[in-house]
Structures are given as C-alpha cells and as structure tokens.
Amino acid sequence: MVERVTTYTATELLACVAARMLEDKKSVLVGTGLPMIAALLAQRTHAPGLLIIFEAGGIGPRVPVLPISVGDSRTFYRAAAASSMHDVMSACQAGYVDYGFLGAAMIDVYGNLNTTVIGEWEHPTARLPGSGGANDIGSLCHRTIIVMRQDKRRFVERVNFITTPGYLDGPGARERAGLPEGTGPYRVITQLGVYDFDEQTKRLRLLDMHPGVTPEEIQANSAFAVPVPEWVEITTPPTEDERRLLREIDPAGMVIGK
Amino acid sequence: MSIQILQQGSGELIGWHDPDENRQWVREHKSRDLRDKRMSVKEAVEEFVHDGNFVAFGGFGHIRIPMAVVYEIIRQQKRGLIMAGKTAVHDIDLLIGAGCVNKVEVAYAFGHELRGLSPAGRRAVETGQCKVVAEISNAGYQWRFLAGMMGIPFIPSRNMLGTDTLKHSACKVVEDPWSGKPVCLIPAAYPDVAMFHVPRCDMYGNARIDGIIVEDFELARAARRVIVTTEEIVDTEVIRAEPGRTVIPFYVVDAVCEVPYGAHPTLMPYLYFFDEEHIGEWLDLSQTPAGTQAYFEKYVFGVCDFEEYLDLVGGIRKLNYLKRVEQFKEPMRAPWLKDR
C-alpha cells in the first residue's frame with residue numbers, strides 16, 4: 001500500500017477548491033486575498049474566459065501577479081477597461097455580475113457576514129475595517145461565494161453585526177428588505193469543507209468535506225449545529241499543476257506563503 | 001401624499017447641504033475664470049484646509065494618494081477633521097495617528113488590505129479618541145458623491161438593505177413609487193475639501209488620470225474645494241490636444257501643486273509601486289503611541305518639505321527601484337512578508 005503524503009497547505013486547498021467553483025465565461029467581482037488568487041487560478045485552468053472585475057474599476061485585466069489591493073495597478077493591467085467604482089458597482093446593480101467573491105471574519109447560519117466590529121458598535125472590543133465593497137458585492141451580485149477560516153468564534157448562530165447581507169433572518173428576507181431578487185450566498189469554503197444553503201430554510205449546511213476531515217471536526221469548529229447530509233463528497237486535493245500555478249500567481253508568497 | 005420612511009439609519013449625516021444652498025455657495029465661491037492656480041502645498045493647505053472640515057482624498061486609500069498634502073496637514077497640525085472613510089487606508093491611518101482626524105464615516109478604514117489591520121487607527125477607535133460617526137459601503141460612499149455632483153439631495157440604490165451597515169448609516173429606506181419595492185436613499189455628500197494626486201495637469205487645473213479613476217470624477221465635482229497635486233504640470237496645449245482624457249476640469253479646481261513622486265509611499269499607477277519598506281516601518285512604529293510620534297518627528301516635523309522627505313526615505317535610488325517594481329522589472333520586497 002502506498003502511503004499518501006500531504007504535500008499541500010490549507011491555503012492552497014482553499015484556493016483550488018474555490019477556483020474550481022468559478023465557471024468559464026461568467027463574471028466575478030473579487031475581494032482582496034484568497035478570492036483574487038482563486039479567480040486568477042480559475043482563469044489559468046478551466047475558465048480562461050472568466051471575466052474578472054475589481055471594485056475600484058479594473059475590468060477584465062490580464063493580472064500578471066497577485067495585487068496587494070483591489071485598486072492597485074495590477075487590477076487593470078492590460079485590461080478591457082480601466083474604469084471607475086461607479087461603473088463597476090452600477091454593473092453589479094444592473095445584473096451584469098454573476099459571482100461576488102468575498103473573504104470574511106465572521107459568518108452566521110444564514111450567511112450574514114461581519115467585518116465591522118467585535119463587541120458593541122459604540123464601544124468596540126475590536127474595530128475591523130467595515131464593509132468596503134463587501135456589502136455592495138453581497139447585495140448586488142447574482143451569487144456570493146465566501147472563502148474564510150472556520151472556528152467556533154467565526155461560525156456563529158447570529159453575527160453581532162450584519163455588515164454584508166446573507167439571507168438575513170431566513171427565507172424571503174432579502175426580497176422583503178428590497179435586495180435584488182434571487183441573490184444571496186451560494187457557497188462557503190473553509191479549511192474544513194464546502195457549505196451551501198438549504199433551499200427551504202436558507203440555513204447553512206455541509207456539502208463537501210476536504211480529505212481527512214471528519215463530521216466531528218466540522219461540528220467542533222462551529223458554534224451552531226451544521227446539518228451533515230448522508231452522503232458527503234470529498235474535495236479533490238490540489239494537483240501539482242495547480243500548486244505550480246499558485247506560485248506563479250503569488251511569487252512573493254503574500255497569500256500562499258513561502 | 002408623502003412618501004413614507006420605512007427605515008432611518010442612526011448614523012450622523014456628514015457633509016450634506018440643501019441643494020439650493022450648495023448651488024448658491026458654488027455660484028458665489030467657485031471661479032469660472034481660467035486662471036493660473038499654481039501654489040505650494042503649504043499655501044494650498046493653509047488656504048483650503050481648516051480645522052473641523054469634512055475632508056476626502058481621491059485615489060484608493062493607498063493608491064494615488066496626495067501624500068504631500070497628508071504630511072502638510074499633519075505639519076500644520078490641523079485638528080478636528082472629519083474624514084470620508086471611502087476606502088481610506090494609509091491616508092487616514094496617518095491623519096488619525098497624528099491627531100488631525102477624530103471623526104470618520106466608514107466604508108473601509110483601519111485596515112491595510114493584504115498587510116493586515118492598522119494599529120494606529122484601530123487603537124484610536126478602540127480607546128474612543130477617534131469616533132466612527134456612521135457606517136456605509138464603498139458603493140454607498142461613491143454614490144453620495146454622485147448625488148453631490150448631480151446637485152440632487154439623494155440617490156436611490158439597492159445595496160445595504162436589511163443590514164446593520166444601513167442601520168448605522170445616514171441613509172433612509174422608502175418604498176419605490178414605481179416598483180413598490182423598498183429602496184435605499186443615499187444622501188448627497190459635499191466634502192469641504194477634496195485632495196487628489198494625478199500624473200498630469202495644466203496650471204488651470206485640467207487634470208488627467210492614467211488607469212482607473214476610482215471615484216475621483218464624482219468626488220472632485222461634489223467637493224466645495226479641490227486641491228490637485230501633480231507629478232508634472234504640462235502645457236495646456238497638451239491637455240487640449242486630447243480633451244477626452246480630462247477627468248477633472250479646471251472650474252472645480254482651486255489649487256494646483258507640482259509634486260513629483262507626490263504619492264509616495266502609496267502606489268502611482270505606471271510610475272512607482274508601493275514603498276512597502278516605508279509602509280512597513282510605519283505599521284511597525286505605529287504599534288505604540290511613542291513609535292507613532294517618532295515616525296512623525298522623523299518624516300514630517302523633521303523635514304522642511306517633500307523633497308527633503310524623499311531624500312530621507314531613500315532618494316533617487318529608492319525611487320528608481322519603486323519604478324522598476326511597478327514596471328515589472330524587479331520583484332517586490334516587503335518586510336511584512338517575512339511572517340507569512
């Protein structure tokens with residue numbers, strides 16, 4: 001029997017699983033860090049026709065190396081257009097953007113995200129950067145994908161502050177609030193697995209697990225009960241080719257590490 | 001029949017004016033005269049930035065920031081400024097750290113994107129020294145300026161609905177009289193002064209931007225006073241040869257200052273990359289109040305002008321290196337990468 005040697009990191013796995021989720025010839029608005037890496041990897045593998053858009057105005061660039069910011073010059077390198085935030089956000093609102101791709105500090109059972117504050121808003125224990133473009137992306141893109149680290153403090157029943165809307169407090173809540181119809185969180189990818197949302201209840205549930213992860217581990221790293229379906233797919237580990245491409249995309253190791 | 005307010009955010013309404021009041025202000029104070037507006041950064045800040053002003057910077061927090069103006073505001077010890085956290089990064093971090101800004105309306109602040117969180121900004125908020133007066137999103141802030149430049153009191157949108165971001169914003173929700181669906185009303189914003197750094201501008205203020213313009217088009221037209229710093233002042237005939245490239249027209253501009261490398265240590269598209277070494281030194285020093293003070297003593301109060309500052313940060317050797325990185329001729333180095 002050949003023993004399988006784990007030769008990839010959790011970050012590489014997250015990036016690859018996230019990348020595979022993006023479809024060719026669709027549009028995606030990406031946030032800083034892992035979402036950028038995943039979109040760039042998708043474009044260099046199965047989705048060469050993926051239209052990558054950045055909130056500050058970069059539209060369809062040939063991104064040479066991982067940008068530090070969603071507004072730096074790498075986000076509009078040899079782009080179809082170097083435009084403006086008004087242009088990009090209007091495109092989201094008008095329905096041109098299929099996927100929004102975000103990182104998050106904290107998520108709840110309905111996929112609501114908090115990147116604003118830990119503790120009370122008036123007297124924060126920790127002040128985080130706020131919405132940035134996340135609320136706009138989570139409000140206006142057709143589907144939102146979230147990539148984040150999971151533990152009991154980050155996977156909570158209710159976030160103390162909804163920065164970016166998930167399904168708010170359940171089925172129909174987005175539409176009642178006035179958000180565009182049929183939008184909302186689509187997948188959540190963590191270092192343990194991939195989650196989707198129950199069509200009836202709009203609550204988060206397990207979809208796939210990463211190799212070697214157990215349902216007990218999933219539960220131990222969530223403050224709420226995560227429904228585990230009878231049959232759970234196991235994600236495919238990063239291939240050597242994907243790992244090489246990740247290093248090409250992030251030669252400085254900003255997100256992927258050294 | 002009046003439109004019913006379905007929801008009202010509790011955030012403080014910053015920088016809003018009745019549209020007629022603002023029209024009148026523009027009529028009386030904004031010159032349509034095509035005149036030479038060149039002056040020093042020192043003069044521009046003395047004349048147009050006042051204690052208590054609502055201020056906003058063009059660019060994107062650490063992209064194309066008019067840093068000579070940021071340093072001059074610190075040097076002149078302006079106080080009580082209210083800042084638009086319209087993706088504010090290195091700009092707001094320094095101004096909070098120096099005690100110039102003590103109120104922020106936040107779309108994005110207190111963070112440095114991939115570099116992590118900003119120690120100075122976070123400390124000021126967590127100790128109550130700097131107050132967050134309202135939340136909003138990036139598109140929300142941008143659309144505040146769009147409504148401002150259009151001279152309308154608000155603009156309807158479909159973001160922020162249902163969230164605490166809206167609950168803590170200065171926005172309102174009403175029923176759209178056409179679709180019957182709830183819509184968010186984003187109030188106009190007219191900053192007292194907005195500051196920009198551009199690659200090229202003539203002496204009248206006709207300015208070009210290379211690459212993405214972020215929200216500079218709207219912000220420059222919404223702000224009451226506009227300071228433009230530029231890598232280079234070009235002959236007006238250069239501008240007039242390709243007028244389609246003018247992003248900011250002269251009649252909204254009040255001051256034009258020529259400052260080569262004026263965005264350092266932030267990124268200037270096509271010209272120079274982030275000075276990660278310098279930003280890293282700031283992030284390191286600003287871990288403590290004493291370090292924050294030491295930074296300002298060395299790089300702001302310890303130099304007489306921006307040229308002396310550029311010598312201090314590494315001079316022509318450093319600037320050439322940043323140019324090579326921006327143009328992909330050399331890989332970037334960053335002290336914060338060592339921990340990854």
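I began with helix H3 of chain B, which is mostly covered: eight of its nine residues are buried (20 or more other C-beta atoms within 10 Å of a residue's own, C-beta atoms being placed from the backbone). Helices and strands here are DSSP runs, of at least four residues (H or I) and at least two (E), numbered from the N terminus.

A note on the source: this is a predicted model, and local features need pLDDT of at least 70, while side-chain atom pairs count only at pLDDT 80 or more. Residues are numbered from 1 along each chain as its sequence is written.

Next I looked up what covers H3(B). Its buried residues, among them Met67(B), Tyr71(B) and Ile74(B), pack against elements of chain B including H2, strand E9 (193-201) and helix H11 (289-301). Contact means C-beta atoms within 7 Å.

Then I took the pair H2(B) and H3(B). The axes, lines fitted to C-alpha atoms over the stretch in contact, come within 9 Å and cross at roughly 60 degrees.

Who meets whom? I found Val41(B), Lys42(B) and Val45(B) of H2(B) against Ala68(B), Val69(B), Glu72(B) and Ile73(B) of H3(B).

Past the end of H3(B), I noted Gln77(B), with a positive phi near 50 degrees.

Last, I turned to chain A. Strands E13 (residues 193-197) and E14 (residues 204-209) pair in the antiparallel sense over five bridges; pairing takes at least two DSSP bridges. Phe197(A) stands opposite Leu204(A). Six residues lie between the two strands of this hairpin, and Lys202(A) in the turn has a positive phi of about 65 degrees.

Key:
Chains are lettered from A and ligands numbered from 1 in the order in which they are written. Axes are lines fitted to C-alpha atoms, for helices over the stretch in contact, and angles run from 0 to 180 degrees between N-to-C directions. Two residues are in contact if their C-beta atoms, placed from the backbone, lie within 7 Å. A residue is buried if 20 or more other C-beta atoms lie within 10 Å of its own, exposed if 12 or fewer, and partly exposed in between; C-beta atoms are placed from the backbone.
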